Amino acid sequence: MPMVDSMVVENDVEPLFAIGDHIDGLVNLPSPTFLDNDADPDIFFHRVDSDQIIYQPCRKRAKLIGKYLMGDALGEGSYGRVKEMLDTENLRRCAVKIMKKRKLRRIPNGEQNVQREIQLLKRLDHPNIIKLFDVIYDDVKQKMYMIMEYCVGELQEMLDSTEKKMFPIWQAHGYFCQILDGLEYLHSQGIVHKDIKPGNLLLATDGTLKISDFGVAERLNPFTADDLCRTSQGSPAFQAPEIANGLERFSGFKVDIWAAGVTLFNITTGKYPFEGENIYKLFENIGKGEFTVPEGVSDSLASLLRGMLDANPVNRLTIQKIRHHRWVCKNHHRNCPGVPIPPLTEGDALRCLTVLAYLEDEAQLDSSQFDESFSADDSVSSPSTPSRKKSFLKRPSFGSCKAQ
């Protein structure tokens with residue numbers, strides 16, 4: 001039996017307990033006489049059974065950041081939390097990445113990576129690239145809000161929800177073609193992503209794949225004659241042999257193609273081409289460039305994987321050659337069901353809008369203030385008395401916030 005330490009009763013009085021914000025129907029409860037008479041009776045803790053306690057979840061409080069209404073948390077990464085948001089002006093569903101400057105300073109190159117991502121996303125506009133809508137800084141709380149396009153899930157999350165950790169061929173083929181479209185656009189803009197992997201490939205509500213996380217991406221000099229890069233901070237399992245072997249300069253575009261090849265290998269087989277007990281052993285295996293295609297993989301897919309995962313970047317397939325490969329050009333039939341996006345919570349398979357609960361609280365808040373402004377005492381306002389009426393879902397942003 002749980003102990004409720006906040007319950008106070010008077011001797012010989014049978015109490016009625018209610019826990020929560022507002023319990024409908026429980027009104028005009030008699031208070032103990034010692035509270036009215038300011039007496040000092042014997043007070044003790046009362047032990048109650050669970051079935052005697054009425055529970056009610058606390059009401060979700062609305063929080064506005066500028067014109068954006070905050071929703072529930074969607075996830076958390078190394079840089080900060082990601083929450084759902086609603087643009088109150090156009091009712092657009094968004095996602096916000098909330099980052100604390102103090103935390104970014106503790107991450108190597110954290111602030112530089114975030115600023116680089118913001119500058120790159122402002123330049124990009126493609127169906128397969130995540131969109132950045134707004135950036136808000138809070139100088140008082142030392143927080144940064146990146147308001148971005150809402151995505152309902154990521155490929156890695158979908159893979160983890162399946163027993164074999166892989167997609168059907170037709171589904172993997174559809175995602176891979178969209179990866180090619182996004183990569184081709186990035187390379188045409190002189191941008192090397194450097195961290196292509198299932199965890200950075202998101203899905204919009206209509207199923208469109210979005211390449212995200214440009215924290216380690218690099219924009220090449222537009223006047224350079226090649227695509228050589230000198231730094232790489234991507235995930236170890238997706239690094240190319242030239243990086244694992246410690247080359248000072250390497251082709252950035254070929255590094256992205258290698259990572260896309262590892263991604264294709266992973267989503268079609270449920271395995272990785274290179275593994276190791278630790279990062280040193282992993283890089284040693286990657287540097288050798290020797291891997292085995294699992295049994296059951298078609299000859300055309302095996303040919304494509306070997307071409308994309310060629311240890312020699314000179315012989316590695318280009319995006320143009322990949323597009324004309326027979327596996328990519330083939331129309332794969334839907335001979336089995338696809339892998340769905342797993343629900344965040346039980347009973348929410350469609351991942352419904354979480355802002356609705358906060359929207360109701362905001363509506364109640366505005367309604368109550370609207371009623372106050374038109375109470376009997378203030379029914380006629382004088383010129384010297386300003387009206388207290390508030391417009392629905394309109395609240396001035398705090399002065400320390402500035403949009404960029």
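Helices (H or I, at least four residues) and strands (E, at least two) are DSSP runs, numbered from the N terminus. By this reading, the secondary structure of the protein chain comes to twelve helices and 14 strands. The model is a predicted one, in which local features need pLDDT of at least 70 and side-chain atom pairs count only at pLDDT 80 or more, while totals for chains, interfaces and linings use all residues. Residues are numbered from 1 along each chain as its sequence is written, and side-chain values use heavy atoms, with hydrogens and water left out.

Two values describe the chain as a whole. Of its 404 residues, 44% count as buried, where buried means under 20% relative accessible area, exposed means over 50%, and partly exposed lies in between (1.4 Å probe, protein chains only). Of the contacts with a separation of 6 or more, 66% are made by residues 24 or more positions apart, a contact being defined by heavy atoms within 4.5 Å.

Strands of a sheet pair through backbone hydrogen bonds, either parallel or antiparallel. In this analysis, two strands pair if DSSP finds at least two bridges between them. Strand S2 (residues 68-76) is joined to strand S3 by six bridges, and the two run antiparallel; they form a hairpin with four residues between them. Within this pair, leucine 69 stands opposite leucine 86 in S3. Strand S3 (residues 81-87) is in turn joined by six bridges to S4, again in the antiparallel sense, and here leucine 86 stands opposite arginine 93 in S4, while arginine 81 stands opposite isoleucine 98. The hairpin of S3 and S4 has five residues between the strands, and leucine 91 takes a positive phi near 60 degrees in it. On from S4, the pairing continues to strand S6 (residues 143-149), with seven bridges in the antiparallel sense, and isoleucine 98 stands opposite tyrosine 145 in S6.

Two bridges join S7 to strand S9 (residues 201-203), and glutamate 154 stands opposite leucine 202 in S9.

The expected span of a helix is 1.5 Å times one less than its number of residues. For the 20 residues of helix H5 (residues 169-188), this gives 28 Å, which agrees with the 28 Å between its end C-alpha atoms. Helix H5 is mostly covered, with 14 of its 20 residues buried, and it is followed by glycine 190, whose phi is positive, near 75 degrees. Glutamine 171 has its place in H5 and is buried, with a relative accessible area of 7%. Leaving aside neighbours within four places in sequence, glutamine 171 is in contact with Met158, Gly338 and Val339.

Helix H7 (residues 252-269) and helix H9 (residues 299-308) pack at an angle of about 150 degrees, with their axes 8 Å apart. The residues of H7 that meet H9 include Ile257, Trp258, Gly261 and Leu264, and those of H9 that meet H7 include Leu301, Leu304 and Met308. By class, this contact has nine nonpolar, two polar and no charged residues, where Ala, Val, Leu, Ile, Met, Phe, Trp, Tyr, Cys and Pro count as nonpolar, Asp, Glu, Lys and Arg as charged, and the others, Gly among them, as polar. Glycine 261, in helix H7, is buried, with a relative accessible area of 0%. Leaving aside neighbours within four places in sequence, glycine 261 is in contact with Leu305, Met308 and Leu309.

Alanine 357, found in helix H12 (residues 355-373), is partly exposed, with a relative accessible area of 30%. The C-alpha atoms of alanine 357 and alanine 62, which are 295 residues apart along the chain, are separated by 8.4 Å.

Terms used:
Axes are lines fitted to C-alpha atoms, for helices over the stretch in contact, and angles run from 0 to 180 degrees between N-to-C directions.
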